[in-house]
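Keep the 3D view open as you read.

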Amino acid sequence: MRLVVYAGSERIPTPIFNEKVLAGLGTRIEQTGRLAEDAREKALDTLKRFKLLVGHMKVRRTHVMATAAIRDAADGADFVREIDRIGFECEVLGAEDEAQLAGMGVLSGIPHADGLAGDLGGGSLELVEVGDGAVRGGVSLPLGVLRAEAGSSGEKAARKALKAALKTSGLREHGRGRSFYMVGGSWRALARIDMLTRDYPLPVTHEYSLAPKRIAELRRNATSPDAALAKIIAPARLATAPVAAMLLELLVEEIEPAELVVSTFGIREGLLYSKLKPAVRRLDPLLEEARESGGGEHRFGQHGDLLDEWIGDLFEDAPEMQRLRLAACLLADVAWQASPTFRADRGIEMALHGNWVAVSPTERVIIAQALSSSFGRDRLSDGRLLELCHEDDVLRAHEWGLAMRLGQRLSGGVSSVLKRTALRPTNGAIELNVRRGEEALVGEAVERRLVRLSEALGREPTVVSA
């Protein structure tokens, strides 16, 4: 059971409240065919709390969705009527609808997703093909972590069900050699186990990538978890980790994907995404969220797009790097409220741990390096982060940061100054152009930053007024 309240940008709304209750509605449903009575009461009490909360929060629109446990239980319709009496209008998703929304959630957070998405819940496992901005097909299997069993008989039954579903749907062929996107809290918990055992330097699971060959080891770790895991993973998630790992290993054996990628977006985000106009869907969620986050904290109004344009002539970047440079520029003024000695830390924290999507761990580090350099710190303090990136990309991000630092000092954070000046590469030099009569804008601090940038790019600094 989960209540998530969103606000902000239409393309990428921000969760402003998120509460999860593990009710266990799917427990023993395979044996009894009915919802567990204790879980049923816990779920209804939770919904009563949620109803009061959304009223006090003045939430404008509420969507209530029920999935496999309610869909499959003999008393599911009775349970929905009780939800209606609480004051919620509950939609019970069909199996294919659930799979489709899970796939749309993956596309919302990973627009370039290409392969199969698998959403593992308590009562079911949904599989759907994603690619070219669309979802295709979709099946639902009764293989949730509360319904499947990790023992030999349970594994045999799960393998049989999975083989049959993949053969009938044709999804095995569509998934082979492509990415497999892992959706759901149980699989995110597996990712955190893997991150801990690898001493991974980032805590963010979205777009965390696992090599399929690691799954056997991961399954062993999930069966006999390290005591340290209890500090970062809820006990209920740890309890279901062996089943989640078994199902993932079976999928890897059957589908043979090229890589496993975690998606923190699922059916909730898929529902929101499905209601957007096509033009809004095509907006870049990373850049939209960076504008939303940065816009409220800039001193004199947002000028990230202009800053990116101002420094852009210096760099011949590929489109994917241009995008990261723009994201860094949109966030370039977010740390001004912090103490000067902590501004770099604030910028780095935003890049590495911000609630971004459509950005890989490698890309987070590149943005962090640019922001770090823009605040006067040339290298990230955790050397493990740099191991996630190619050295040339880290160097380029550092150069962006130096250019951003020059632009922010020259302009004082004001867009009008950037509009009246220019920064260009010319004949082995970096040329800073200012208007005649405004030469005083180039003070000592500006000159130092221009020299520093020029040295990094192997050019001579030049100031021209006209």
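**A cavity and a strand**

In this predicted model, the count of cavities of 30 Å³ or more comes to one. About 40 Å³ of space lies inside this largest cavity. Rolling a probe the size of a water molecule over the atoms is what shows where such empty space is left.

Which residues line the largest cavity? They are Leu286, Ala290, Leu331, Ala351, Trp356, Arg364 and Ile367. Sorted by type, the lining holds six nonpolar residues, no polar ones and one charged residue. Two helices, α13 (285-295) and α17 (361-374), each contribute at least two residues to the lining.

Now turn to strand β6, residues 125-131. How many of its seven residues are buried? The answer is seven, so counted because buried means under 20% relative accessible area. In a regular strand, side chains alternate between the two faces of the sheet. In β6, Leu125, Leu127, Glu129 and Gly131 point one way, while Glu126, Val128 and Val130 point the other way; residues on both sides are buried.

Next, look at the neighbours of β6. Strand β5 (residues 115-120) runs antiparallel to β6 and is joined to it by six bridges. Within this pairing, aspartate 119 has glutamate 126 as its bridge partner, and a hairpin of four residues links β5 to β6.

Strand β7 (residues 134-141) is also antiparallel to β6, again with six bridges. Here leucine 127 stands opposite valine 139 of β7. The hairpin between β6 and β7 has two residues between the strands, and aspartate 132 in that turn has a positive phi of about 55°.

Technical notes: Residues numbered from 1 in each chain as written. Predicted model: local features only at pLDDT ≥ 70, side-chain atom pairs only at ≥ 80, totals over all residues. Heavy atoms only, no water. 1 Å grid on protein atoms, 1.4 Å probe; cavity = no way out; pocket = protein on both sides within 12 Å on 5 of 7 lines; lining within 4 Å. Points joined across faces, edges and corners; volume = space filled by probe spheres on them. Nonpolar A, V, L, I, M, F, W, Y, C, P; charged D, E, K, R; others polar. Buried < 20%, exposed > 50% of the residue type's maximum accessible area, 1.4 Å probe, protein only. Pairing = 2+ DSSP bridges.
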